[in-house]
Amino acid sequence: MLRTALIGFPSSGKTALFQLMTNQHEAPKAGHGKLEAVVGVARVPDVRVDRLADLYKPKKTTPATVEFADLVGPGRTGAQALLDVAPYRNADALVHVIRAFRDPTVTHHADGINPATDAQAMEDELLLADLAVTEKRLDRINRDMKKGRTPELEREKALIIRCKDALENGLPLRGLSMTDDERKMLRGFQFLSAKPLLLVVNLDEADTALLADGARAAEVAGLTTFLSRAGTGVVAVCAKIELEIGQLDAADAQAFLADLGLAEPGVNRVIRTTYDLLGYISFLTAGEDECRAWSVPRGTHAQVAAGEIHSDIARGFIRAEVVRFEHLVARGSLGTCREHAEVRLEGKEYVVEDGDVINFRFAT
Ligand SMILES: Nc1nc2c(ncn2[C@@H]2O[C@H](COP(=O)(O)OP(=O)(O)O)[C@@H](O)[C@H]2O)c(=O)[nH]1
Ligand SMILES: [Mg+2]
């Protein structure tokens, strides 16, 4: 499962968003001076699963999911939580909730509301934590080199120096271009600034005109420079309004959203953008028992994708029967798709694409 961690300054709206996304409203009591996280699961909104369910009338409909971690208590959630708290340390991506709402009744950590300052402060924290790791590693490498220089050590040293230089120049590692081998070499270090980062601008109720346009909201908030880097995304939400929408029945909620020029709630965009930022896609399975979306990294081969469902299916893999979601829905049945030669038989090396509906043939 994909794991993300909500980071940010106190009272930026992390817990409000967490509850909206995961529907988990029972916050456990803060532990005794110990940092603790609460973990919840968000469904990745995907109308394709619903359309398949219209066709197959399955017993069960299951969307893809993303896990979110939120820190218990009002403290600041930055690099320290990412180093100390397991669900944070293991996060595949970071979601930085940035306060742009003004509400004077909600205390703020600084004198004025300044999203760009907050974004920079959080970035600096991540960079400093990573810098400490590179320095420690370089010391170690230099010591090892005194015992004997190997090509592996030379290569690692060059890479770590490149990382250190970037960090010292204020550049997060997620923006560094690297080969797959280099990426693999760095994996064990769990660099914080190498994780994909989603900036969530929590807008003021008075600024809802910006909700539909994350890029524009980011510009107004002074966040444009952060977005020029690879692995960084932005979404604008207003947690207060989302909470209000959550109280409405479906029709009223839709009308409220339409008034704001939105097709769906902001939290859906947060979940979806996180998923995109991580480079994940969904393939689908459909049948009378279950219609379901499954997440795999872009570029995954059919046999590996089969293993997401069950290791037996991967082990006994024979063929993947693949049809595009659009074709299946347009034709109304797999049989009709077959008549129109829209069903392909693919081997284990086939690269699964977003929106493939797959039936795995396997030997038991
Ligand atoms: N006016 C306003 N208040 C908000 C908004 N989002 C969150 N809040 C309030 O700000 C306070 C802190 O929010 P919370 O989610 O607990 O922040 P956290 O410390 O980042 O977890 C709560 O009282 C929220 O109801 C918003 O968009 N507008
Ligand atoms: Mg909180």
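Helix 1 (14-22) makes the biggest contribution to the shell around ligand 1, giving three residues. Helices here are DSSP runs of H or I with at least four residues, strands are E runs of at least two, and both are numbered from the N terminus.

Before going on, a word on the model: it is predicted, with local features needing pLDDT of at least 70 and side-chain atom pairs counting only at pLDDT 80 or more, while totals for chains, interfaces and linings use all residues. Residues are numbered from 1 along each chain as its sequence is written, chains are lettered from A and ligands numbered from 1 in the order in which they are written, and side-chain values use heavy atoms, without hydrogens and water.

**The ligand shell**

There are 17 residues around ligand 1, and Ser11, Lys14, Thr15, Ala16 and Glu205 come nearest; a residue is near when one of its heavy atoms lies within 4 Å. By kind, the shell holds eight nonpolar, five polar and four charged residues. In this sorting Ala, Val, Leu, Ile, Met, Phe, Trp, Tyr, Cys and Pro are nonpolar, Asp, Glu, Lys and Arg are charged, and the others, Gly among them, are polar.

The table lists polar contacts, that is, pairs of N or O atoms within 3.5 Å.

| Residue and its N or O atom | Atom of ligand 1 | Distance |
|---|---|---|
| Ser12, backbone | oxygen | 3.1 Å |
| Thr15, side chain | oxygen | 2.8 Å |
| Asp103, side chain | nitrogen | 3.1 Å |

Ligand 1 taken alone exposes 580 Å², of which the protein buries 79%; these areas come from the Shrake-Rupley method with a 1.4 Å probe.

**Cysteines**

How many disulfides does the count give? The count is zero, a disulfide being a pair of cysteine sulfur atoms within 2.5 Å. For Cys291, the closest cysteine sulfur belongs to Cys337 and is 14 Å away, too far for a bond. Cys291 is buried at 0% relative accessible area, and Cys238 is buried too, at 2%. Buried means under 20% relative accessible area, exposed over 50%, and partly exposed in between (1.4 Å probe, protein chains only).

**Domains and a loop residue**

The assignment, automatic or from a database, gives domain 1 (2-46 + 63-112 + 196-277), domain 2 (123-193) and domain 3 (299-362). Taken over C-alpha atoms, the centres of domain 2 and domain 3 are 40 Å apart.

Finally, Ala91 sits in the loop between helix 4 (86-89) and strand 5 (93-99). Ala91 is buried, with 4% relative accessibility.

Terms used:
A polar contact is a pair of N or O atoms within 3.5 Å; within protein, one must be able to donate a hydrogen and the other to accept it, and residues adjacent in sequence count only if both atoms are side-chain atoms.
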